[in-house]
Amino acid sequence: MEEEVVDALLNGDRETQIRAATDLSGLSGRQRHRLAERGVVPPLLSMLHSQDFEAVEAALFALLRLASGSERNKVRIAKAGAIPVLLSLLQCQSEALMDLAMAALLILSSCRANKLVIAASGAIQILVEMLSGDNTGGDNNGSSMSMQAKLDAISTFQNLSTCHEIIPLVVSSGAVFSLLQLLCGCDKSSELVQKAISLLETMASWSEIAVEEVAGTGGAIQALVETVEEGSPQCQEHAVGILLLICKSCREKYRGLILREGIMPGLLQLSVHGTWRAKDMAQDLLLLLRECPNYGSRKKQLKNEHLEQIMKEIDAEGEEVAGTALRMVEEMIAKLNV
């Protein structure tokens, strides 16, 4: 079977190549690795240049299978010139081919050796423009991105961002604004928001510019507060993490803005019922939002009495807490004292 596949891909006509690419997808990992070593990647990439949907689809499936579970094959495919072809396919008119091309770019981006190559290829800007165009209903020179393509695009950014020198490129490309558009326009507990807000926290953790851009975008702090209130546990964790970074970056500037969005009830609830990481960050943010200038020296002393005292000090910002919210907070404080 291996010999037939190699010969068909290297020397066969259209139908023979399509059949061979399809057969390749059904081979074992060891067999696929041997086929890659025997030179099947270049003919598969040549098939991607075809205007034939069936040929392109079969080649993309085959490349995905070759790359799956093999770092060597991921590098081999990238070195053979796959990335520019995949970027071109991302802008085609076929949603099915866009999805496959995006999946291929995602799996290639998981390989450390490929990250800088992908970043240098122009992929970051293309993906940002696609996400931005899709969010605004604008023209991205192709069909609208499917939900899976959006998820894979954000996951690709996340893969690239593990190489920290790439983060400034992602930030400067306009990715922060595109992700905030998703956050503002989607259900706060959705998988798409979870991936988007996770990437936002990653960028904000490594880039002061990203923090400033999030804080300075109209509606962003409100959307983060809403996510603390309405999001899944993972979304809440990332949202409070970003708010904490914003407040730490310039407490005097952002403390009031965060308080005015009504963060306190959701933040207090998160400090009791959130994930372990969310609880810790919620408590840190609670202390920052208090009238407490010596945050650094007292950070480790945040105890239950701090949470009780917070409600007495909220009115320093002129906030009014409704009776229902106050009763909820009192119940949560009671739980903390158990």
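**Exercise 1. Over which ring does the charged end of K279 sit?**

Start at K279 and follow the side chain out to its charged end. That end sits over the ring of W276, and the distance to the ring centre is 4.3 Å. Keep in mind as you work that this is a predicted model.

**Exercise 2. Find the salt bridge that R34 forms, and say where its two partners lie.**

R34 pairs with E2, and their closest N and O atoms are 2.6 Å apart. R34 is in helix α3 and E2 in helix α1 (residues 2-11), so the bridge links distant parts of the chain, 32 residues apart. Step three: check the surroundings. R34 has a relative accessible area of 36%, so we call R34 partly exposed. E2 comes out at 16%, which is under the 20% cut-off, so E2 is buried.

**Exercise 3. Work out which helices the E54 bridge connects, and which residues share its network.**

First, the partner: E54 bridges to R14, with 3.3 Å between the closest N and O atoms. Next, the helices: E54 belongs to α5 and R14 to α2 (residues 14-25), distant parts of the chain 40 residues apart. Finally, zoom out a bit: R14, E15, D52 and E54 are linked in a network of salt bridges.

**Exercise 4. Explain why the bridge between E237 and R277 ties together separate parts of the chain.**

The two side chains meet at 3.0 Å, N to O. E237 lies in helix α17 (residues 233-249) and R277 in helix α20 (residues 276-289), so the pair joins parts 40 residues apart in sequence. As for burial, E237 is buried at 16%, while R277 is partly exposed at 36%. For your tally, the structure holds nine salt bridges.

**Exercise 5. Name the residues that touch the most other members of the largest nonpolar core.**

This core has 113 residues, and L44, M203 and I263 are the ones with the most contacts to other members. Which helix gives the most to it? That's α5, with 10 residues. Now take L44 and skip its neighbours within four places in sequence: its contacts include L9, A21, L24 and A59.

**Exercise 6. List the buried residues of α6 and what covers them.**

Walk along α6 (residues 71-79): N73, K74, V75, I77 and A78 are buried. Their cover includes α3, α4, α5, α7, α8 and α9.

Conventions
Residues are numbered from 1 along each chain as its sequence is written. This is a predicted model: local features need pLDDT of at least 70, side-chain atom pairs count only at pLDDT 80 or more; totals for chains, interfaces and linings use all residues. Side-chain values use heavy atoms; hydrogens and water are left out. Buried means under 20% relative accessible area, exposed over 50%, partly exposed in between (1.4 Å probe, protein chains only). Helices (H or I, at least four residues) and strands (E, at least two) are DSSP runs, numbered from the N terminus. Contact means heavy atoms within 4.5 Å. A charge sits over a ring if NZ of Lys or CZ of Arg is within 6 Å of the ring centre and within 35 degrees of the ring normal. A nonpolar core is a set of buried Ala, Val, Leu, Ile, Met, Phe, Trp, Tyr and Cys residues joined through side-chain atoms within 4.5 Å. A salt bridge is a side-chain nitrogen of Lys or Arg within 4 Å of a carboxyl oxygen of Asp or Glu.
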